[in-house]
Amino acid sequence: MAARDAAKPARAAAKRREDVEREEAWIGDAALALYVRLKILGEDGRLDGAKAVRMTSNEFLSGLGEPTGVEAEIGRAYAAGGLEAAFRHIEERLLPLFARQEEKRRRRAGGPRRGVLPRQD
């Protein structure tokens, strides 16, 4: 009985840490969604929901770590320095992987590589 009672504070602390991480992830998810929408509109000049989903999906985020943890990192960056810090974190940590995945997707679809003009025969 004593061992079980001794474990209660540790479980409670772990629960609080999980709650904090989920809260950080919730904010990080919002910052990521805003970043992605601004980036798509700025670069593509149009709405592209499919591209936004590719960059915010758990499938994509899992390439960087546990998705909630990745979003929590963004949330912590936001808490430390606002949107500028969150956006910088996204650009440094997420964009390189996303760019590689998009390049592979373009090649599989048979499209030209980014920055490469089609041949003029």
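**Exercise 1.** Find the pattern that the chain follows, read along the sequence.

*Solution.* Read along the sequence, the pattern is α-α-α-α-α. That gives five helices and zero strands. Helices (H or I, at least four residues) and strands (E, at least two) are DSSP runs, numbered from the N terminus. The model is predicted: local features need pLDDT of at least 70 and side-chain atom pairs pLDDT 80 or more, while totals for chains, interfaces and linings use all residues. Residues are numbered from 1 along each chain as its sequence is written, and side-chain values use heavy atoms, with hydrogens and water left out.

**Exercise 2.** Determine which residues make the nonpolar surface patch, and which helix gives the largest share.

*Solution.* Like charges are joined within 9 Å, and nonpolar side chains (Val, Leu, Ile, Met, Phe, Trp, Tyr) within 5 Å. Here Trp26, Ile27, Leu34, Leu38, Tyr78 and Leu83 make a nonpolar patch of about 600 Å². Helices α1 (2–44) and α4 (67–93) each supply at least two of its residues. The largest share, four residues, belongs to α1. One member, Leu34, sits in α1; Leu34 counts as partly exposed because its relative accessibility is 36%.

**Exercise 3.** Classify the aromatic pairs and say which helices they link.

*Solution.* Rings of Phe, Tyr and Trp (its six-membered ring) pair if their centres lie within 6.5 Å; planes under 30 degrees apart count as stacked, over 60 as edge-to-face and the rest as tilted. The structure holds two such pairs. For Tyr35 and Phe87, the centres are 5.1 Å apart and the planes at 70 degrees, so the pair is edge-to-face. Tyr35 lies in α1 and Phe87 in α4, so this pair ties together parts 52 residues apart in sequence. Both Tyr35 and Phe87 are buried. Phe60 and Phe98 are also edge-to-face, with 5.6 Å centre to centre and 85 degrees between the planes. Phe60 in α3 (residues 58–61) and Phe98 in α5 (residues 95–108) are 38 residues apart. Phe60 and Phe98 are both buried.

Methods. Patch = residues over 30% accessible without salt bridge, like charges linked within 9 Å, V, L, I, M, F, W, Y side chains within 5 Å. Areas by Shrake-Rupley, 256 points an atom, 1.4 Å probe, with all protein chains shown as cover. Salt bridge = Lys/Arg side-chain N within 4 Å of Asp/Glu carboxyl O. Buried < 20%, exposed > 50% of the residue type's maximum accessible area, 1.4 Å probe, protein only.
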